[in-house]
Amino acid sequence: MRKTIYLDNAATTYPKPEVVYRTMDKFLRDECVNAGRGLYVLAKNASRLIDETRELILELVNAKPNSKVIFSPSATISINQVLRGLGWDSIKNVFVSPFEHNAIMRTLHSLQKQYEFKISIIPFDNITFELKDDDLRVMFSKYNPDLIIMSHVSNVTGYILPIKECHELAKQYNPINIVDCAQSLGLVEVDAKDEFEECDFIIFAGHKSLYGPFGIGGFIDLSNKVKLNEVITGGTGSDSTNLEMPSNSESFFEAGSYNMHSISGLNAALKWLNEVGREKIYTHKKELTLQLIDGLQGIDGIEIYIPENLEKHIGVVSFNLPDYSAEDVGKILSDEYNIAVRTGHHCAPLIGEFLDGYAVSGTIRASIGYFNDDNDISFIINSIEEI
(Lines give C-alpha, C1' and ligand atoms only; values in the text may rest on other atoms or scores of the structure.)
Protein backbone atom coordinates (compact mmCIF):
# COMPACT_ATOMS: atom_id res chain seq x y z
CA MET A 1 0.00 0.00 0.00
CA ARG A 2 1.21 3.51 -0.83
CA LYS A 3 2.50 5.46 2.18
CA THR A 4 0.08 7.92 3.72
CA ILE A 5 0.49 11.48 2.53
CA TYR A 6 -0.27 13.38 5.69
CA LEU A 7 -1.81 16.82 5.12
CA ASP A 8 -3.53 17.45 8.45
CA ASN A 9 -0.74 19.39 10.12
CA ALA A 10 -3.10 22.08 11.40
CA ALA A 11 -4.55 19.41 13.70
CA THR A 12 -1.11 18.22 14.77
CA THR A 13 2.23 18.19 13.00
CA TYR A 14 3.28 14.70 11.95
CA PRO A 15 5.81 13.22 11.87
CA LYS A 16 7.86 14.88 14.58
CA PRO A 17 11.60 15.51 14.27
CA GLU A 18 13.57 12.32 14.93
CA VAL A 19 15.30 13.96 17.90
CA VAL A 20 11.92 14.34 19.63
CA TYR A 21 11.27 10.60 19.39
CA ARG A 22 14.76 9.70 20.60
CA THR A 23 14.69 12.18 23.47
CA MET A 24 11.29 11.11 24.73
CA ASP A 25 12.16 7.42 24.60
CA LYS A 26 15.43 7.93 26.51
CA PHE A 27 13.82 10.29 29.03
CA LEU A 28 10.93 7.92 29.76
CA ARG A 29 13.38 5.09 30.39
CA ASP A 30 16.09 6.92 32.31
CA GLU A 31 14.87 10.20 33.86
CA CYS A 32 11.08 10.47 33.98
CA VAL A 33 10.51 11.29 37.65
CA ASN A 34 8.32 13.87 39.36
CA ALA A 35 9.68 17.42 39.32
CA GLY A 36 9.54 19.70 42.34
CA ARG A 37 8.89 16.85 44.76
CA GLY A 38 12.34 15.73 45.82
CA LEU A 39 15.91 16.79 46.53
CA TYR A 40 17.51 13.83 44.78
CA VAL A 41 19.45 14.29 41.54
CA LEU A 42 16.80 13.04 39.10
CA ALA A 43 14.13 15.32 40.60
CA LYS A 44 16.48 18.31 40.43
CA ASN A 45 17.27 17.47 36.80
CA ALA A 46 13.55 17.37 35.99
CA SER A 47 13.06 20.81 37.54
CA ARG A 48 15.99 22.18 35.55
CA LEU A 49 14.45 20.78 32.36
CA ILE A 50 11.20 22.63 33.08
CA ASP A 51 13.06 25.88 33.71
CA GLU A 52 15.12 25.48 30.53
CA THR A 53 12.00 24.80 28.47
CA ARG A 54 10.33 27.91 29.85
CA GLU A 55 13.38 29.95 28.85
CA LEU A 56 13.39 28.52 25.32
CA ILE A 57 9.78 29.61 24.87
CA LEU A 58 10.44 33.08 26.25
CA GLU A 59 13.38 33.46 23.85
CA LEU A 60 11.20 32.31 20.96
CA VAL A 61 8.73 35.17 21.53
CA ASN A 62 11.39 37.76 22.46
CA ALA A 63 9.62 38.20 25.79
CA LYS A 64 10.07 41.17 28.07
CA PRO A 65 11.70 40.71 31.50
CA ASN A 66 9.45 39.14 34.16
CA SER A 67 7.25 37.37 31.59
CA LYS A 68 6.14 33.93 32.73
CA VAL A 69 5.48 30.64 30.95
CA ILE A 70 2.74 28.49 32.43
CA PHE A 71 2.51 24.86 31.35
CA SER A 72 -0.75 22.94 31.00
CA PRO A 73 -1.86 19.78 29.18
CA SER A 74 -3.11 21.71 26.12
CA ALA A 75 -3.88 25.07 24.55
CA THR A 76 -7.58 24.49 25.25
CA ILE A 77 -6.98 24.07 28.97
CA SER A 78 -4.76 27.17 28.93
CA ILE A 79 -7.51 29.20 27.28
CA ASN A 80 -9.89 28.04 30.01
CA GLN A 81 -7.38 28.93 32.72
CA VAL A 82 -6.91 32.43 31.35
CA LEU A 83 -10.53 33.22 30.48
CA ARG A 84 -12.01 31.66 33.61
CA GLY A 85 -9.32 33.32 35.70
CA LEU A 86 -10.31 36.83 34.66
CA GLY A 87 -12.41 39.16 36.81
CA TRP A 88 -15.60 39.11 34.78
CA ASP A 89 -17.48 41.68 36.84
CA SER A 90 -15.54 44.40 35.01
CA ILE A 91 -15.73 42.85 31.53
CA LYS A 92 -18.75 43.92 29.52
CA ASN A 93 -17.56 43.95 25.91
CA VAL A 94 -15.58 41.11 24.32
CA PHE A 95 -14.27 41.14 20.75
CA VAL A 96 -13.34 38.06 18.73
CA SER A 97 -12.56 37.44 15.07
CA PRO A 98 -14.73 35.30 12.76
CA PHE A 99 -11.85 32.82 12.53
CA GLU A 100 -11.94 31.60 16.13
CA HIS A 101 -11.69 28.01 17.34
CA ASN A 102 -14.20 26.48 19.75
CA ALA A 103 -11.51 26.46 22.43
CA ILE A 104 -12.31 30.16 22.59
CA MET A 105 -15.93 30.32 21.43
CA ARG A 106 -17.33 27.53 23.59
CA THR A 107 -15.47 28.84 26.62
CA LEU A 108 -16.88 32.32 26.07
CA HIS A 109 -20.34 30.84 25.51
CA SER A 110 -20.06 28.96 28.82
CA LEU A 111 -18.93 32.09 30.65
CA GLN A 112 -21.72 34.12 29.09
CA LYS A 113 -24.21 31.94 30.96
CA GLN A 114 -22.67 33.15 34.22
CA TYR A 115 -21.83 36.75 33.41
CA GLU A 116 -23.49 39.43 31.36
CA PHE A 117 -21.21 40.52 28.55
CA LYS A 118 -21.52 41.21 24.85
CA ILE A 119 -19.52 39.34 22.21
CA SER A 120 -18.82 41.36 19.06
CA ILE A 121 -17.22 40.04 15.88
CA ILE A 122 -14.27 42.03 14.53
CA PRO A 123 -15.21 42.96 10.94
CA PHE A 124 -13.23 41.50 8.05
CA ASP A 125 -14.00 41.52 4.35
CA ASN A 126 -15.23 38.03 3.49
CA ILE A 127 -13.63 38.10 0.03
CA THR A 128 -10.22 39.69 0.63
CA PHE A 129 -10.09 38.89 4.39
CA GLU A 130 -8.78 42.41 4.99
CA LEU A 131 -9.60 44.07 8.30
CA LYS A 132 -12.31 46.74 8.04
CA ASP A 133 -10.43 49.34 10.07
CA ASP A 134 -13.03 52.08 9.94
CA ASP A 135 -15.87 49.76 10.92
CA LEU A 136 -13.84 48.39 13.82
CA ARG A 137 -12.98 51.89 15.00
CA VAL A 138 -16.71 52.70 15.14
CA MET A 139 -17.47 49.44 16.95
CA PHE A 140 -14.80 50.15 19.55
CA SER A 141 -16.20 53.64 20.15
CA LYS A 142 -19.71 52.23 20.61
CA TYR A 143 -18.74 49.19 22.68
CA ASN A 144 -15.52 50.04 24.48
CA PRO A 145 -13.48 46.81 24.35
CA ASP A 146 -12.66 45.24 27.71
CA LEU A 147 -11.26 42.03 26.22
CA ILE A 148 -9.96 41.14 22.75
CA ILE A 149 -9.17 37.49 22.10
CA MET A 150 -8.24 36.33 18.63
CA SER A 151 -6.21 33.76 16.73
CA HIS A 152 -2.91 34.65 15.14
CA VAL A 153 -3.33 32.19 12.24
CA SER A 154 -6.69 30.73 11.21
CA ASN A 155 -6.78 26.94 11.36
CA VAL A 156 -9.35 26.93 8.51
CA THR A 157 -8.05 29.51 6.04
CA GLY A 158 -4.37 29.94 6.94
CA TYR A 159 -4.97 33.69 7.19
CA ILE A 160 -2.43 35.56 9.34
CA LEU A 161 -4.55 37.99 11.32
CA PRO A 162 -3.52 41.65 11.81
CA ILE A 163 -2.85 41.44 15.54
CA LYS A 164 -0.92 44.68 15.86
CA GLU A 165 -3.49 46.71 13.93
CA CYS A 166 -6.36 45.49 16.10
CA HIS A 167 -4.45 46.12 19.30
CA GLU A 168 -3.41 49.61 18.19
CA LEU A 169 -7.00 50.54 17.34
CA ALA A 170 -8.08 49.43 20.81
CA LYS A 171 -5.13 50.83 22.74
CA GLN A 172 -6.94 53.90 24.07
CA TYR A 173 -9.49 51.64 25.79
CA ASN A 174 -6.82 49.57 27.58
CA PRO A 175 -8.41 46.16 26.99
CA ILE A 176 -7.03 42.79 28.01
CA ASN A 177 -5.45 41.29 24.88
CA ILE A 178 -5.16 37.52 24.41
CA VAL A 179 -3.78 35.89 21.26
CA ASP A 180 -4.21 32.21 20.42
CA CYS A 181 -0.90 31.22 18.82
CA ALA A 182 -1.64 27.48 18.70
CA GLN A 183 -1.20 27.47 14.91
CA SER A 184 1.50 30.10 14.62
CA LEU A 185 4.11 29.76 17.36
CA GLY A 186 7.20 28.20 15.84
CA LEU A 187 6.15 29.16 12.30
CA VAL A 188 5.15 32.83 12.11
CA GLU A 189 7.16 35.46 13.93
CA VAL A 190 5.73 36.27 17.36
CA ASP A 191 7.58 39.22 18.88
CA ALA A 192 6.47 40.49 22.28
CA LYS A 193 8.41 43.72 21.75
CA ASP A 194 6.92 44.51 18.35
CA GLU A 195 3.67 43.13 16.89
CA PHE A 196 2.62 41.65 20.24
CA GLU A 197 3.68 44.64 22.33
CA GLU A 198 0.12 45.24 23.58
CA CYS A 199 -0.54 41.55 24.20
CA ASP A 200 -1.14 40.31 27.75
CA PHE A 201 -1.37 36.56 27.16
CA ILE A 202 -0.19 34.23 24.40
CA ILE A 203 -1.65 30.73 24.17
CA PHE A 204 0.51 27.96 22.70
CA ALA A 205 0.24 24.27 21.81
CA GLY A 206 3.32 22.06 21.89
CA HIS A 207 2.07 19.56 19.31
CA LYS A 208 1.45 21.90 16.38
CA SER A 209 3.98 24.29 14.82
CA LEU A 210 6.42 23.74 17.70
CA TYR A 211 6.70 20.09 16.52
CA GLY A 212 6.49 18.71 20.05
CA PRO A 213 4.22 15.95 21.41
CA PHE A 214 0.64 15.95 22.61
CA GLY A 215 0.06 16.62 26.30
CA ILE A 216 1.93 19.89 26.68
CA GLY A 217 0.74 23.42 25.98
CA GLY A 218 0.45 26.56 27.99
CA PHE A 219 0.24 30.31 28.09
CA ILE A 220 2.71 33.14 28.38
CA ASP A 221 1.94 36.04 30.70
CA LEU A 222 3.71 38.88 28.90
CA SER A 223 2.58 41.92 30.83
CA ASN A 224 1.98 40.89 34.46
CA LYS A 225 -0.77 43.50 34.22
CA VAL A 226 -3.73 41.17 34.73
CA LYS A 227 -3.98 39.08 37.89
CA LEU A 228 -5.72 35.78 37.17
CA ASN A 229 -7.77 33.92 39.74
CA GLU A 230 -7.11 30.26 40.47
CA VAL A 231 -9.01 27.78 38.30
CA ILE A 232 -7.33 24.47 39.08
CA THR A 233 -6.09 23.72 42.59
CA GLY A 234 -4.05 20.92 44.11
CA GLY A 235 -0.59 19.82 45.09
CA THR A 236 2.48 21.71 43.92
CA GLY A 237 5.17 19.93 45.92
CA SER A 238 5.90 22.90 48.18
CA ASP A 239 4.36 24.63 51.23
CA SER A 240 2.16 21.57 51.61
CA THR A 241 0.55 22.56 54.92
CA ASN A 242 -0.83 25.76 53.38
CA LEU A 243 -4.28 25.24 51.84
CA GLU A 244 -3.85 28.28 49.60
CA MET A 245 -2.17 27.92 46.22
CA PRO A 246 1.32 29.52 46.11
CA SER A 247 0.67 32.93 44.59
CA ASN A 248 4.24 34.02 43.91
CA SER A 249 5.24 31.54 41.20
CA GLU A 250 4.12 29.60 38.15
CA SER A 251 2.98 26.87 40.56
CA PHE A 252 -0.17 28.92 41.21
CA PHE A 253 -1.40 27.67 37.82
CA GLU A 254 0.36 24.30 37.67
CA ALA A 255 -1.33 22.05 40.23
CA GLY A 256 -0.56 18.35 39.93
CA SER A 257 2.37 16.46 38.51
CA TYR A 258 4.09 17.88 35.46
CA ASN A 259 3.90 15.87 32.24
CA MET A 260 7.66 15.46 32.24
CA HIS A 261 7.64 13.04 29.31
CA SER A 262 5.96 15.60 27.05
CA ILE A 263 8.04 18.48 28.41
CA SER A 264 11.17 16.54 27.44
CA GLY A 265 9.79 16.21 23.91
CA LEU A 266 8.89 19.89 23.73
CA ASN A 267 12.36 20.82 24.96
CA ALA A 268 13.93 18.72 22.19
CA ALA A 269 11.54 20.20 19.61
CA LEU A 270 12.38 23.78 20.62
CA LYS A 271 16.10 23.08 20.29
CA TRP A 272 15.48 21.45 16.90
CA LEU A 273 13.48 24.51 15.87
CA ASN A 274 16.38 26.78 16.82
CA GLU A 275 18.80 24.59 14.91
CA VAL A 276 16.75 24.42 11.71
CA GLY A 277 15.53 28.01 11.98
CA ARG A 278 11.96 29.26 12.02
CA GLU A 279 12.57 31.22 8.81
CA LYS A 280 13.65 28.08 6.94
CA ILE A 281 10.54 26.22 8.09
CA TYR A 282 8.35 29.16 7.07
CA THR A 283 9.97 29.43 3.63
CA HIS A 284 9.57 25.72 2.95
CA LYS A 285 5.93 25.72 3.98
CA LYS A 286 5.27 28.89 2.00
CA GLU A 287 6.70 27.37 -1.20
CA LEU A 288 4.56 24.25 -0.81
CA THR A 289 1.48 26.33 0.04
CA LEU A 290 1.85 28.40 -3.12
CA GLN A 291 2.40 25.22 -5.15
CA LEU A 292 -0.83 23.76 -3.77
CA ILE A 293 -2.83 26.93 -4.40
CA ASP A 294 -1.51 27.23 -7.94
CA GLY A 295 -2.41 23.62 -8.70
CA LEU A 296 -5.88 23.80 -7.19
CA GLN A 297 -6.72 27.03 -8.99
CA GLY A 298 -6.37 25.17 -12.29
CA ILE A 299 -9.25 22.82 -11.42
CA ASP A 300 -12.64 23.83 -12.88
CA GLY A 301 -15.29 24.91 -10.42
CA ILE A 302 -13.17 24.62 -7.28
CA GLU A 303 -13.81 27.06 -4.42
CA ILE A 304 -10.68 27.98 -2.44
CA TYR A 305 -10.96 29.94 0.82
CA ILE A 306 -7.80 32.01 1.08
CA PRO A 307 -7.07 35.73 1.54
CA GLU A 308 -6.50 37.94 -1.48
CA ASN A 309 -3.07 38.96 -0.19
CA LEU A 310 -1.08 35.73 0.04
CA GLU A 311 1.63 37.47 2.04
CA LYS A 312 -0.87 37.14 4.90
CA HIS A 313 -1.36 33.42 4.45
CA ILE A 314 0.53 30.26 5.34
CA GLY A 315 0.20 26.51 5.46
CA VAL A 316 -3.54 25.86 5.31
CA VAL A 317 -5.68 25.60 2.17
CA SER A 318 -9.41 24.94 2.51
CA PHE A 319 -11.49 24.24 -0.56
CA ASN A 320 -14.63 22.57 -1.94
CA LEU A 321 -15.35 20.75 -5.19
CA PRO A 322 -18.57 21.17 -7.16
CA ASP A 323 -21.12 18.34 -6.80
CA TYR A 324 -19.25 16.75 -3.89
CA SER A 325 -19.62 17.19 -0.15
CA ALA A 326 -16.43 17.87 1.78
CA GLU A 327 -16.86 14.57 3.62
CA ASP A 328 -17.17 12.62 0.36
CA VAL A 329 -13.97 14.12 -1.02
CA GLY A 330 -12.11 13.44 2.22
CA LYS A 331 -13.22 9.81 2.17
CA ILE A 332 -12.23 9.35 -1.48
CA LEU A 333 -8.81 10.90 -0.86
CA SER A 334 -8.30 8.54 2.07
CA ASP A 335 -9.71 5.32 0.61
CA GLU A 336 -8.42 5.59 -2.95
CA TYR A 337 -5.27 7.71 -2.64
CA ASN A 338 -4.17 7.30 1.01
CA ILE A 339 -4.14 11.06 1.54
CA ALA A 340 -5.01 12.37 5.00
CA VAL A 341 -6.91 15.67 5.02
CA ARG A 342 -9.48 17.10 7.43
CA THR A 343 -13.10 17.77 6.44
CA GLY A 344 -15.94 19.62 8.15
CA HIS A 345 -16.01 22.84 10.14
CA HIS A 346 -12.63 22.32 11.89
CA CYS A 347 -13.95 23.39 15.31
CA ALA A 348 -14.47 26.94 13.98
CA PRO A 349 -18.16 27.81 14.47
CA LEU A 350 -18.21 31.26 12.84
CA ILE A 351 -16.24 30.65 9.65
CA GLY A 352 -19.04 29.20 7.50
CA GLU A 353 -21.23 32.25 7.99
CA PHE A 354 -18.27 34.57 7.49
CA LEU A 355 -17.57 32.97 4.11
CA ASP A 356 -21.09 34.01 3.11
CA GLY A 357 -22.45 30.50 3.05
CA TYR A 358 -19.92 29.12 0.58
CA ALA A 359 -18.52 26.86 3.27
CA VAL A 360 -21.72 26.45 5.27
CA SER A 361 -21.48 22.66 5.15
CA GLY A 362 -17.74 22.56 5.82
CA THR A 363 -14.58 22.44 3.76
CA ILE A 364 -11.80 20.09 2.72
CA ARG A 365 -8.66 21.26 4.50
CA ALA A 366 -5.14 20.42 3.42
CA SER A 367 -2.54 21.68 5.89
CA ILE A 368 1.16 21.45 5.21
CA GLY A 369 4.05 20.60 7.53
CA TYR A 370 7.81 20.89 7.37
CA PHE A 371 8.16 17.22 6.47
CA ASN A 372 5.93 17.43 3.39
CA ASP A 373 7.60 17.83 -0.01
CA ASP A 374 6.87 18.72 -3.64
CA ASN A 375 5.81 15.17 -4.43
CA ASP A 376 3.12 15.22 -1.74
CA ILE A 377 1.66 18.42 -3.15
CA SER A 378 1.78 17.22 -6.76
CA PHE A 379 0.07 14.00 -5.74
CA ILE A 380 -2.87 15.63 -3.99
CA ILE A 381 -3.37 18.03 -6.92
CA ASN A 382 -3.38 15.16 -9.40
CA SER A 383 -5.72 13.15 -7.17
CA ILE A 384 -8.24 15.97 -6.94
CA GLU A 385 -8.10 16.47 -10.70
CA GLU A 386 -8.98 12.79 -11.12
CA ILE A 387 -11.94 13.12 -8.75
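This is a predicted model: local features need pLDDT of at least 70, side-chain atom pairs count only at pLDDT 80 or more; totals for chains, interfaces and linings use all residues.
View A. Cysteine 199 is buried, its relative accessibility being 2%, whereas cysteine 32, with a relative accessibility of 32%, is classed as partly exposed.

**View B. The salt bridge between arginine 365 and aspartate 8.** The structure holds 13 salt bridges, and in this one the side chains of arginine 365 and aspartate 8 meet with an N to O distance of 2.9 Å. Because arginine 365 belongs to strand β13 (residues 363–367) while aspartate 8 sits in the loop between β1 (5–6) and α1 (18–30), the pair ties together parts of the structure that are 357 residues apart in sequence. Both partners, arginine 365 and aspartate 8, are buried.

**View C. The salt bridge between lysine 164 and aspartate 194.** Here the side chains of lysine 164 and aspartate 194 meet at 3.2 Å, N to O. This pair, too, links distant parts of the chain, with lysine 164 placed in helix α6 (residues 163–170) and aspartate 194, 30 residues apart from it, in the loop between β6 (176–180) and β7 (201–205). Lysine 164 is partly exposed, with a relative accessible area of 34%, and aspartate 194 is likewise partly exposed, with a value of 38%.

View D. Aspartate 335 and lysine 331 are both exposed. Side chains of opposite charge can pair when their charged atoms come close.

**View E. Strand β5 and its parallel neighbours β3 and β6.** Strand β5 (residues 147–151) is largely enclosed by the rest of the structure, since five of its five residues are buried. In a regular strand the side chains alternate between the two faces of the sheet. Both faces of β5 are covered, with Leu147, Ile149 and Ser151 buried on one side and Ile148 and Met150 buried on the other. Strand β3 (residues 93–96) pairs with β5 in the parallel sense over two bridges, and within this pairing valine 94 has leucine 147 of β5 as its bridge partner. Five bridges join β5 to β6, and these strands also run parallel; isoleucine 149 stands opposite isoleucine 178 in β6. Together, β5, α6 and β6 make a right-handed β-α-β unit.

**View F. Strand β6 and its pairing with β7.** Strand β6 is mostly covered, five of its five residues being buried. On one side these are Ile176, Ile178 and Asp180, and on the other Asn177 and Val179, so that both faces of β6 are covered. Aspartate 180 stands opposite serine 151, and aspartate 180 also stands opposite isoleucine 203 in β7. The pairing of β6 with β7 is parallel and extends over three bridges.

**View G. Threonine 13 in the loop between β1 and α1.** Threonine 13 is buried, with a relative accessible area of 2%. A polar atom of the threonine 13 side chain lies 2.7 Å from the backbone oxygen of lysine 208. When neighbours within four places in sequence are left aside, the contacts of threonine 13 are His207, Lys208, Ser209 and Tyr211.

**View H. Proline 123 in the loop between β4 (118–121) and α5 (133–142).** Proline 123 is buried, with a relative accessible area of 13%. Apart from its neighbours within four places in sequence, proline 123 is in contact with Leu131, Lys132, Asp135, Leu136 and Met139. Proline 123 and methionine 139 are 16 residues apart along the chain, and their C-alpha atoms are separated by 9.1 Å.

Definitions and conventions: Residues are numbered from 1 along each chain as its sequence is written. Side-chain values use heavy atoms; hydrogens and water are left out. A salt bridge is a side-chain nitrogen of Lys or Arg within 4 Å of a carboxyl oxygen of Asp or Glu. Helices (H or I, at least four residues) and strands (E, at least two) are DSSP runs, numbered from the N terminus. Buried means under 20% relative accessible area, exposed over 50%, partly exposed in between (1.4 Å probe, protein chains only). Contact means heavy atoms within 4.5 Å. Two strands pair if DSSP finds at least two bridges between them. A crossover is right-handed if, with the strands pointing away from the viewer, the path from the first strand over the helix to the second runs clockwise. A polar contact is a pair of N or O atoms within 3.5 Å; within protein, one must be able to donate a hydrogen and the other to accept it, and residues adjacent in sequence count only if both atoms are side-chain atoms.
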